[in-house]
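Hello,

Here is the structure I promised to pass on. Please have a look at it first, and then read on for what turned up.

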Amino acid sequence: FVDVSRLRLRPSLMMWENGYFMLEYEVNAAYSTSSSIYQNQSVNNPRQIADLSWTVVEGSRWNIIHFIDRLYFRQSTAIGDFTVGRQRISWGTGRVWNPTDLFNPLNPTSFSKIEKDGVDALLAKFVLGNFSDLSLVFNAKENFRENNFGFRFRSNVKGFDFSAMSGVFDKRIIVGADFAGSIFDAGVRGEGIYSTSEQYPATNFVSLILGTDNQFTDKLYALAEYHFNGRGKTAGLYDFQGLLKGEILNVGRHYVVAQIAYLVHPLVSVSMAATRNLDDESGFTALTAVYSSSDETSLSIGGQNFYGEPFTEYWYYPSSVYLKFDFYF
C-alpha cells in the first residue's frame, strides 16, 4: 500500500504593471509497506543551479521532503513575455510520453501527475501572430557548466498546431518537431526528436510518439499512444542505472498505452489504463475513481498492478493502491 500526501502553496504577488512574482512551495510525504528502488520525486534536479529541497525524513519506506519548485519573475510586453527563475517549461503534444519535453518530462508510472519541480532558466517568448510564437531558453546548470540552450517555433496551419525545436541539452544536439490536430472527430498528435553527440556518435538516437484520442460522448473518453524510445535497449541490456538516476524514464524501445475514462455522475469519474513494454511483455494496469466533493476538493482512490517475468522492466515496480485528497485554496 502506498499513501502519498502533497501540499502545494501558490502565492502570486503583483509587483509592477504587466509583471508579477510567483512562488510555489511543496511538501511531499510518502509511505510504502514495501521498499521501492524508484522514487516519484527526485531531490537532485540537473536542470537547477541550486538545490532548494530539504529532506525531513528519509527511509526505505517512509520519506518527507519539502522544496521550492517555482520561483520566478515574469514581465509581459507588447512583443512577448520574459521570465527568469525557477519555472515550468512544457514542450510537446503527447499525453503520456513527451520526447521533446527535455526540461521536465513526467514519469508515466507515477499515479500523481502533478508537474515536477521547475528548471532554473531564462525564457523569452515572442508573439509572432495570433497562432505563432518563438521561445528562446537558456537553462543554467549547477556551477554554470555545460548549460542548456534551446528554441521552439510554434504555429498553426489549416487547423493543425505544429512546432519545431532544437538546442543543446546535456552536451547533445537535439532537433525535433511535434503536431496536434483532428481528423473527423478524433484528435491526432505526434512528436519526435533526433539526438546526436559529436563525442559519442554511437549513442545517437531517435525518439517519437504517435497518439490519438476521442471524446465519443459527453461521458466517454479514450486514448491510445505508441512510443518508440530509440535510447532504450533490448531486454537483458537495460540501463537500470540511468533509470535510478532519473536520466531516463524507460529502458525499453517499444511501448503502447490505452486509456478509457467514463463520467459515472457529474461528480464521479472512473478511468482505466494499460501500459505495455512490447519488447519484454511486461507492463502495468491502473484503475482510478475520482469524486469531486466541491469546487475546492476532490478525493481519488486507485491502484496499479505491475506484471512481468523476472528482471523485465516493470517486474521491479511494486503493485500499489492509493488514496489521494486534493484541496485547492
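Glu-146 and Lys-171 pair through their side chains in a salt bridge, with 3.6 Å from N to O. Glu-146 belongs to the loop between strand E8 (133-139) and strand E9 (148-157), and Lys-171 to the loop between E10 and E11, so this bridge ties together parts that are 25 residues apart in sequence. Glu-146 counts as partly exposed, because its relative accessibility is 46%. Please keep in mind that this is a predicted model.

Another salt bridge is formed by Arg-95 and Asp-213, whose closest N and O atoms are 3.7 Å apart. Arg-95 is in the loop between strand E6 (80-87) and strand E7 (119-127), and Asp-213 is in strand E13 (residues 205-215), so parts 118 residues apart in sequence are tied together by this pair. Arg-95 is partly exposed, at 47% relative accessibility, but Asp-213 is buried, at 10% relative accessible area. Both also belong to a network of salt bridges that includes Arg-189.

Now for the surface. A nonpolar patch there is made of Leu-267, Tyr-291, Leu-299, Ile-301, Leu-323, Phe-325 and Phe-327, which together have about 680 Å² of accessible area. Strands E18 (297-307) and E19 (320-327) each supply at least two of the patch residues, and E19 gives the most, with three. Ile-301 is found in E18; it counts as exposed because its relative accessible area is 51%, and the cut-off for that is over 50%.

Finally, the overall picture. The protein chain has one helix and 19 strands, and 42% of its 329 residues count as buried. It exposes about 17900 Å², of which carbon and sulfur atoms supply 61%. Among contacts with a separation of 6 or more, 48% come from residues 24 or more positions apart.

Enjoy exploring it!

Best wishes

Note on methods:
Residues numbered from 1 in each chain as written. Predicted model: local features only at pLDDT ≥ 70, side-chain atom pairs only at ≥ 80, totals over all residues. Heavy atoms only, no water. Helix = DSSP H or I, 4+ residues; strand = E, 2+ residues; numbered from the N terminus. Buried < 20%, exposed > 50% of the residue type's maximum accessible area, 1.4 Å probe, protein only. Contact = heavy atoms within 4.5 Å. Areas by Shrake-Rupley, 256 points an atom, 1.4 Å probe, with all protein chains shown as cover. Patch = residues over 30% accessible without salt bridge, like charges linked within 9 Å, V, L, I, M, F, W, Y side chains within 5 Å. Salt bridge = Lys/Arg side-chain N within 4 Å of Asp/Glu carboxyl O.
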